Structures are given as C-alpha cells and as structure tokens.
Amino acid sequence: MDLKAPGTCSCGALHLRWRDLGRGTPVALSVPVRAWRRERAQGRRPKRFELSVKLVKDESLLLPRASFSLAPPTPPEEESVRNHNLSLLPLPKPLSSTDLSVSGHKPNIRVAYQGCPGAFSEAAARKVHPDCQAVPCEQFEVAFKAVQLWLADKAILPIENSSFGSYHRTYDLLLSHSLHIVGEVQLAVDHCLMALPGVKKKELKRVLSHPQTLGQCEIALSKLGIIRESFDDTAGAARLIASKGLGDVGAIASAQAAEIYGLHILEDKIQDISFNVTRFLILAREPIIPRIGCPFKTSIVFTLEDGSGVLFKALAVFALRNINLTKIESRPQRKCPLRVDDDTDHGTAKYFDYLFYIDFEASMAEPRAQNALSNLQELELVYLSRD
C-alpha cells in the first residue's frame with residue numbers, strides 16, 4: 001500500500017504508523033499479514049517478521065530495514081504481573097534546566113570515522129564532540145553506511161589537506177550516498193615515524209602508512225631511502241607492527257597511536273611542511289536549516305553542457321553577486337567519462353566529461369544564493385546536488 005501522508009492505519013490486527021521523509025515522497029510499507037495469520041491459525045506463536053520500508057519514487061535514498069514482533073495479546077493476569085515488574089525498574093532521570101541548556105556538543109553522540117583508535121580522524125571527531133562515542137570504520141564507505149543505517153549519528157571524513165590536496169574518495173562517496181554536509185573542522189596534523197621499542201631508524205627496511213600521509217612526508221622518506229607501503233589508515237599501520245612484532249618495519253602515524261600501541265617515536269613532525277592541516281567534513285542524515293545572520297558555507301555539484309566559455313559563465317553567476325568561492329574541484333564522471341566532439345576539422349575528438357564541486361560562502365536562505373543557482377539553471381547546466 002502507498003501511504004500518501006503522515007499518519008496511521010490499521011491492517012488486520014496490525015497498527016502501523018509512518019511519517020513523511022521530508023521530501024514529499026510517499027513511503028511503501030509491505031507487511032506479511034497472511035503469514036502472521038497462518039501462524040496463529042495453526043496454534044503456533046507468530047514468528048518475528050520484517051517490515052520492509054522503501055521509497056516509491058526515489059530509490060536513491062538508502063533506508064534501514066525495520067523489524068517488529070507480531071505476537072498475540074498478553075492475557076490480563078500476565079499483563080498485571082508484567083506491569084508490576086515494570087514498576088520496580090528504575091525510571092529515567094527527569095530533564096533539568098541544565099539538560100535543556102544549549103551546549104557546544106551533544107554528550108555520547110556516536111561519530112563514525114575511518115581508521116583505528118589513534119587515527120587523525122578520531123582526533124578530529126573529538127575536537128568537534130569531546131564526549132562523543134567514536135565509531136571506528138575500516139573504509140570510508142563503511143563510515144557513510146554507519147550513519148545511513150543508524151549505527152552512528154554523524155560521520156567525519158577528511159576532504160582536503162594543505163600539503164597534498166584533496167581526498168578524492170570522499171568526493172566520490174558524497175554523490176553515491178544520501179548524507180548531508182552539516183559542518184567542517186580543521187585539524188593540525190603532525191606525523192611521527194615510529195617502530196617497536198629498541199629498533200633504530202637505520203634498521204628499518206619498510207614504512208607503512210596511508211597514501212596521503214606518505215605523500216605528505218615525501219622529503220623525509222626520500223632521505224631514509226626505505227620502501228614505502230600503503231595501508232588503509234595510519235593508526236592501523238601502527239597496530240599491525242605492534243601485533244605482529246615487525247622489527248624492521250616502521251609506521252607513520254600520530255603520537256597518540258604510538259602511545260596506544262606501545263611503539264617508540266623515532267622522529268616527530270616529519271611532514272614536508274611544518275604547518276600541515278587537514279580539513280574534515282561532518283556528515284549527518286538530516287541537513288541543517290539555512291538561515292541568515294551567521295557565517296554559512298554551501299557546497300554544490302554540477303556538470304556542464306558542451307560549449308565555449310560555459311565554465312566561465314557558471315562561475316560568473318557567483319562573482320556578479322559578490323559570493324566568494326572557497327573551493328573548486330573537478331572529477332571525471334565515472335558512468336560517462338568521455339565526451340565525443342564531431343565538429344572538429346580533423347575527425348572525432350574525445351574529452352573527459354567532468355563533475356564540478358564548488359564551495360561558496362553564503363546561505364541558501366539568502367536571496368543572492370538562490371538567484372545564483374537559478375541563474376545556473378538558466379545557463380542549461382545540469383544541477384545535481386547541494387548541502
């Protein structure tokens with residue numbers, strides 16, 4: 001059945017409640033009522049069934065599968081005993097004015113990050129939410145899915161480093177998942193070369209770390225002249241050396257990772273540029289509400305139709321409205337990377353077809369930002385997304 005508006009309905013012995021998803025999209029609920037009735041007719045206790053939730057019009061939004069138990073009504077005598085037992089349980093503490101006060105962070109909020117404990121992403125998460133429950137994830141995509149499946153409240157992922165540039169994997173995942181950018185944080189990153197206690201720098205034959213980290217320490221590693229091997233994350237490299245007892249292998253990670261896994265720091269701050277900063281994005285299931293009166297940054301993604309000066313015209317809609325652009329990033333379209341041009345004098349030419357990511361300093365509540373995006377659509381640009 002298609003539920004067109006928030007509310008409730010009854011289906012046999014089931015009472016369902018649903019809500020609109022905030023995008024005007026109806027939700028389809030599929031309930032195995034016949035299977036439930038068959039279980040009862042045979043005198044057996046009904047099993048646990050799944051309530052399938054899916055979008056009717058927009059299949060791009062991933063939703064978790066909810067489950068509930070279809071059980072016969074509890075007899076009155078058992079209900080009274082159960083209520084008596086529940087009355088003996090400790091009740092939750094009532095909210096006080098202190099609980100309702102606005103604070104800079106939400107206690108015990110679950111923040112997913114890529115890496116192991118001791119990773120720089122974990123430090124960024126605790127910089128934003130000092131009392132958070134950090135949720136380590138093996139891959140970037142796992143952190144995205146952890147938020148989508150309600151295993152975490154937010155995710156924090158690196159997007160750009162001042163020395164080595166963009167984290168392209170994060171850009172690609174932003175389009176393939178339905179999370180929203182709700183903030184960002186910058187973290188000063190100091191890389192340390194570490195190994196097992198007693199191991200000297202000259203005894204190292206290999207060094208493990210994240211590819212971005214290896215690139216940020218190019219000069220120091222070239223002087224050492226040792227083999228570089230990429231690893232999923234910096235703290236994971238430190239943990240591997242400690243767990244396997246690799247005496248001729250070093251890791252580049254944070255000082256906190258060395259402390260956690262019992263490694264000895266051979267040299268600290270080995271990055272090429274001393275002032276090394278990584279910018280992280282904070283992602284959540286729900287977007288923030290744009291408003292006027294405080295600094296806002298908006299991110300959009302679009303692709304361009306073919307033509308001369310189209311990119312210039314796209315950027316001009318912001319310049320004409322005095323909107324400052326803080327970031328421009330281009331990524332080839334994976335599904336259709338090549339564009340064919342048959343108008344050339346020397347035969348067919350093929351060009352990469354790009355997606356353009358732009359960050360600008362304005363709120364979507366401001367008329368100038370709204371007019372800028374309207375102008376983009378008038379230029380026949382294919383507008384994809386904004387946060």
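Author: Happy to, and let's begin with helix 11, by way of what lies against it. This is a predicted model, and in it the buried residues of helix 11 pack against strand 18 (298-303), strand 19 (325-332), strand 22 (354-360) and helix 12 (367-378). So which residues of helix 11 are buried? They are Val-310, Ala-314, Val-317 and Phe-318. These residues lie on the same side of helix 11, because they cover an arc of only 105 degrees around its axis.

Now turn to the other side. The face of helix 11 that points away from the buried side carries two exposed residues, Phe-312 and Ala-319. Ala-319 belongs to helix 11, which spans residues 310-319. With a relative accessible area of 59%, Ala-319 counts as exposed because the cut-off for that class is over 50%.

The protein chain has 12 helices and 23 strands. Of its 387 residues, 40% count as buried. Among contacts between residues at least 6 apart in sequence, 68% join residues at least 24 apart.

Helix 5 (residues 140-148) and helix 6 (residues 168-176) pack at an angle of about 35 degrees, and their axes are 10 Å apart. Their crossing is right-handed. Helix 5 brings Phe-140, Glu-141 and Phe-144 to the contact, while helix 6 brings Arg-169, Thr-170, Leu-173 and Leu-174. Sorted by class, the contact has 4 nonpolar, 1 polar and 2 charged residues.

If you follow the chain on from helix 5, you come to the loop between helix 5 and strand 9 (154-161), where Trp-150 lies. Trp-150 has a positive phi of about 65 degrees although it is not a glycine, and at 45% relative accessibility it counts as partly exposed. Lys-269 is another non-glycine residue with a positive phi, here about 50 degrees. Lys-269 sits in the loop between strand 16 (264-268) and strand 17 (277-284), and its relative accessibility of 54% makes it exposed.

One more loop deserves a visit. His-210 is found between strand 13 (206-209) and helix 7 (211-216), and is buried, with a relative accessible area of 16%. Leaving aside residues up to four places away in sequence, His-210 touches Tyr-167, Phe-231, Asp-232, Asp-233 and Thr-234.

Finally, a word on the cysteines. A search of the whole structure finds 0 disulfides. Cys-217 is buried, with a relative accessible area of 0%, whereas Cys-294 counts as partly exposed at 29%.

Notes: Residues are numbered from 1 along each chain as its sequence is written. This is a predicted model: local features need pLDDT of at least 70, side-chain atom pairs count only at pLDDT 80 or more; totals for chains, interfaces and linings use all residues. Side-chain values use heavy atoms; hydrogens and water are left out. Axes are lines fitted to C-alpha atoms, for helices over the stretch in contact, and angles run from 0 to 180 degrees between N-to-C directions. Helices (H or I, at least four residues) and strands (E, at least two) are DSSP runs, numbered from the N terminus. A crossing is left-handed if the near helix is turned anticlockwise from the far one by less than a right angle, and right-handed if clockwise. Contact means heavy atoms within 4.5 Å. Ala, Val, Leu, Ile, Met, Phe, Trp, Tyr, Cys and Pro count as nonpolar, Asp, Glu, Lys and Arg as charged, and the others, Gly among them, as polar. Buried means under 20% relative accessible area, exposed over 50%, partly exposed in between (1.4 Å probe, protein chains only). The arc is that of the directions from the helix axis to the C-beta atoms. A disulfide is a pair of cysteine sulfur atoms within 2.5 Å.
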